[in-house]
Amino acid sequence: MWKPPERIKYAPEPGAWPTRIEAESSLWFSPIRIGPLTLTSRTWVPAMVPWRSNEEGWVTDDVLDWYEQFARGKPGGLVIEATGIRDIPSGPLLRIGHDRYIPGLKELAQTVRRASEGQTRLFIQCIDFLAIRRRPDPAKFLDRFLVVTDDIRAALGMEAADETAIRETLKAMPDAELDGVLDARQLESLRMGFRERVGDTHVPHIRDLPGVLPDLFADAAQRAQEAGIDGVELHYAHAYTMASFLSRTNDRDDGYGGSRENRVRLPLEAFARVREVVGADYPVGCRFLTEDIVDGGSGVPDSSFYAAEFARAGMDFLSLSRGGRFEDAKQPNIGEAAYPYTGRSGYECMPAYISDEFGPFGRNIEPGAAVRKAVRDAGFETPVIVTGGVHGFEKGERILQEGKADIVGIARQALADPDFFLKVRAGCGSEVRVCEYTNYCEGLDQKHKQVTCKLWDRKELDAPGVKRTLDGKRRTTAPAWAGPAA
Ligand SMILES: Cc1cc2nc3c(=O)[nH]c(=O)nc-3n(C[C@H](O)[C@H](O)[C@H](O)COP(=O)(O)O)c2cc1C
Ligand code: SF4
């Protein structure tokens, strides 16, 4: 992952822990309404893909175990990882693109309800994404995948040559010289791997996205509702389709790109269709970016506008993230696909302990506060959820007390210790396994390996009932908390 050049190292700063009584009387542990639902507290575990599903996208026993551990910590809201809304092979990504997934998701909802003793409301993050290919072997790309165009012929001065001669010439050229021959997209396909964009309107299935996505999201939401999941989070963040519609980089010329009014149009149309299908009594919100953190991308003025529009349209909650885009991703190895969390925007999404003067903790709080203010200024009370670098009670509580967010989430801190909220609420904060923001977990995610935390994945490996990851070296879930130390 990209690191800020300052390379300043930070140790966790959880601050003082509250007594049980202080926790009970805090804002963080007080209830809040999300549309028609009440959360028992303003605590939240946002979506995290742990790669526990299988090639068919099922809710496996490992998926159940994974969410059971978070539910035992009794957060007010728990979001199931990014889950694919199309019925297409998607590797070991969880899926909701067909009715056959409903029984598994029902079992997941029941598991969370049971493990949290009814205290946690479960949401599912619904995602659509475009195609990305692995970085090709250069010779293979130039031999087979590159379409030889008149522009390439002209750049080589080989207008009359046959295709084989062109390909041989290109293969014999030093890589740097290809800059003068291939266009930016061809070079990207060669050096990073081909990646579809929402602006590729010359490609029929990309042009037709506004026609198909609202129904795909709506069908997925209806399945979530049927499965007894408490609400839906539309994934409008990071590197994926809807975030790319929202991004300032979206240059579609069909009324769905260009101005911010046009860029927000499809996300609003998808939400409207979802609402039509699930009804007014089912919580629906979205996750989106305060800032893209890439050249020419969206910033707080854009996200403030989107937030007010989402609130006006009747979304029940707005969950904020930042960065995590493909545009600045690191070049992958040949045979591997680019990963959107490897550049500076990826760092802003999941900041690690090696950082700059600001540090890795709470980088989205002020942008989030600005977005929340825009929602309030527009006359809406829609709850805003902020996440990023929170690993102690004081910080979470301060964000709420200062009115910078309505709900505060913890992602990696929950991974490090799924019992975080339970411990803090019981006045046992000193027993929390505090996240060190090493991004070991993120490294596993990047390789699509089962995600675990370095603070617990080798502990008590031989204890009864401990399940191991596919490589046999790590436990799949965190050791459960035995309750307050005597
Ligand atoms: C392993 C891992 C998987 C993640 N998967 C998702 C995801 O599926 N959807 C999403 O919106 N964010 C995802 N995130 C981002 C987190 O939800 C969160 O925004 C980010 O980690 C910053 O919060 P934190 O500092 O509390 O970890 C993931 C993060 C990690 C570490
Ligand atoms: S591996 Fe554990 S300690 Fe390191 S960042 Fe991930 S959750 Fe935190």
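Select helix α19 (440–446), which contributes three residues to the shell around ligand 1, the most of any element. Helices here are DSSP runs of H or I with at least four residues, strands are runs of E with at least two, and both are numbered from the N terminus. The model is predicted: local features need pLDDT of at least 70 and side-chain atom pairs count only at pLDDT 80 or more, while totals for chains, interfaces and linings use all residues. Residues are numbered from 1 along each chain as its sequence is written, and chains are lettered from A and ligands numbered from 1 in the order in which they are written.

Next, display ligand 1 with its 24 surrounding residues; a residue is near a molecule if its C-beta atom, placed from the backbone, lies within 6 Å of it. Pro-46, Ala-47, Ala-82, Ala-411 and Arg-412 are the closest. Strand β5 (77–84) and helix α17 (412–416) also supply at least two residues each. Colouring by class shows 13 nonpolar, six polar and five charged residues. Nonpolar covers Ala, Val, Leu, Ile, Met, Phe, Trp, Tyr, Cys and Pro; charged covers Asp, Glu, Lys and Arg; the others, Gly among them, are polar.

Finally, colour by domain, using bounds from an automatic or database domain assignment: domain 1 is 8–133 + 199–446 and domain 2 is 138–191. Their centres, taken over C-alpha atoms, are separated by 41 Å.
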